[in-house]
Every structure is written in structure tokens, then in C-alpha cells.
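Colleague: I have a few questions about the terms used for this model. Can we go through them one by one?

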Amino acid sequence: MPDYLGLGITNIPLHPYIHAHSEATASVDMLRASKTFLNSIGKELNNQLFLTGYSQGGHATMALHRLIEQQLSGEFTVTASSPMSGPYDISGTQAEVITNDSVYSQPAFLPLVMFGLNPVYNLFAAPGDVINPLYELFIPPLMNGNYSTGDVNAVMPAIPNQILEPAVLDSFRTDPNHYFRVALQQNDVYDWLPQAPVKMFYCEADEQVAYQNTFVAYNQFIANGAN
């Protein structure tokens, strides 16, 4: 398993949650380390490389498969991949968690995305720029990598978008070029053409990652010319 940035022993305060590029590069580092280790103990590789992951791991599987085929084909060849229940369409399908006034089982995911991606994209200078004052005292202190999603869920409303400044939420809903939506678009992982076989799995009862993410990815693959 890859050691994503901000997890384990690290000097990065918060994991950049669903950041496609660092998910993929961390996974490449894992593959390189695995090859080095296997060589050191005299194990031969069979030159087959299968990729899989679930939920965020499904997103990371897509990101890794894409990175290998588009930039590292001289080093690795993907035999096949199986992404499962991943948020591939973060800026569209999965962003409905933000735009809808609906109860969500893991409301912590919203601040984890916002605060995790902020150092990458400079989404806000201070939490008060985007967080509703009702929650500003409770949420930012938990965004230092030392607290679990359960800790964050405990201070979150059941409807995640209630933590946002109303003006920020209104702008996100109406402006397709809103800075936060643009950042999410940078981490969509479905608009490419896989060369190796991909078999996706999804669960219609998944209450955290909408299963429609899989259909968006499948349909785009077909539109891009996939078999």
C-alpha cells in the first residue's frame, strides 16, 4: 500500500485528501521501492502489474493508472486495473455533497478536502474567509492531522454545506469557474483513454461515494475511444 503524503511519519501537517497527483506519485514511489526490495531478496518479477483500490483508493487507482500510461510507460506497464467505488468525478457528481442541502454520513470529508487542498491551490488565506462563523472556532483546530474523521464529524452539522459562508456556497453553486470547483476539476480522474483493461466496481447503496461516479467515468472512457 502507498504512503500518501501527510500520513504516517511526515512533516506535512494534513494529508491532501483526494489530490490525484500526489496519490499517484506516492504509489509510484511504492512500486519503485517494491522492485528494489524484491531485487534485494532475490525475488524475480513476472512483469505483471495489477492496480486496485476502494473509495479514495479507487480514485488513486485511476490516477496511478493514468500517470503510468501517460508519463511512465518506459518504466512500468499496467496489466489491468480495478478501481472500486471511487469519486472519479469530484467536481461534478461528488460535488453534489456540497451543493445539495442533504444529510451526509461523513460530513468531515468536506473540511478535509478544503483544508487538505488549500496548501496546493491557495483556496483561502484564513479559515474565516470560507467557514461560517458558527463553526470557525471548532473546525480549523482539528485540521492539523492529529484528529480522526470521527473527531471532525462530532463537530460538524449533518448537512455539510452549513459550515460554509453563505456567499461562498452561493458562488460555488452558480459559478462554474469558482476557484474551489476549478481545484476539484484538477483532481477529476475520468477524462482519459486507458490502454490496459479497466474493470470498475460500484455499490448502489454506497452512502459516501455516489455510484454515478462510475457511470461518468465509464461513459467518458467510451466517448474517448475505449473498447
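Modeller: Gladly. The model is predicted. Start with the largest cavity: helix 3 (96-99), helix 4 (109-121) and helix 8 (179-185) each give at least two residues to its lining. Helix 4 supplies the largest share, three residues.

Colleague: What makes the largest cavity a cavity?

Modeller: A 1.4 Å probe fits there but cannot get out, so the space counts as a cavity. Its volume is about 250 Å³. It is lined by 21 residues, with Ile-18, Gln-94, Val-97, Phe-109 and Val-113 closest to the centre.

Colleague: How many residues of its lining are nonpolar, polar and charged?

Modeller: There are 16 nonpolar, five polar and no charged residues.

Colleague: Why is helix 1 called roughly perpendicular to helix 2?

Modeller: Helix 1 (residues 20-40) and helix 2 (residues 56-71) pack at about 75°. Angles of 65 to 115 degrees count as roughly perpendicular. Therefore helix 1 is roughly perpendicular to helix 2. Their axes are 8 Å apart.

Colleague: How do you know that the two helices meet?

Modeller: Contact means heavy atoms within 4.5 Å. In helix 1, Ala-20, Val-28 and Leu-31 are among the residues that meet helix 2, where the partners include His-59, Leu-64 and Ile-68.

How values were computed:
Residues numbered from 1 in each chain as written. Predicted model: local features only at pLDDT ≥ 70, side-chain atom pairs only at ≥ 80, totals over all residues. Heavy atoms only, no water. Axes fitted to C-alpha atoms, helices over the stretch in contact; angles between N-to-C directions. Helix = DSSP H or I, 4+ residues; strand = E, 2+ residues; numbered from the N terminus. Parallel < 35°, antiparallel > 145°, perpendicular 65-115°, else oblique. 1 Å grid on protein atoms, 1.4 Å probe; cavity = no way out; pocket = protein on both sides within 12 Å on 5 of 7 lines; lining within 4 Å. Points joined across faces, edges and corners; volume = space filled by probe spheres on them. Nonpolar A, V, L, I, M, F, W, Y, C, P; charged D, E, K, R; others polar.
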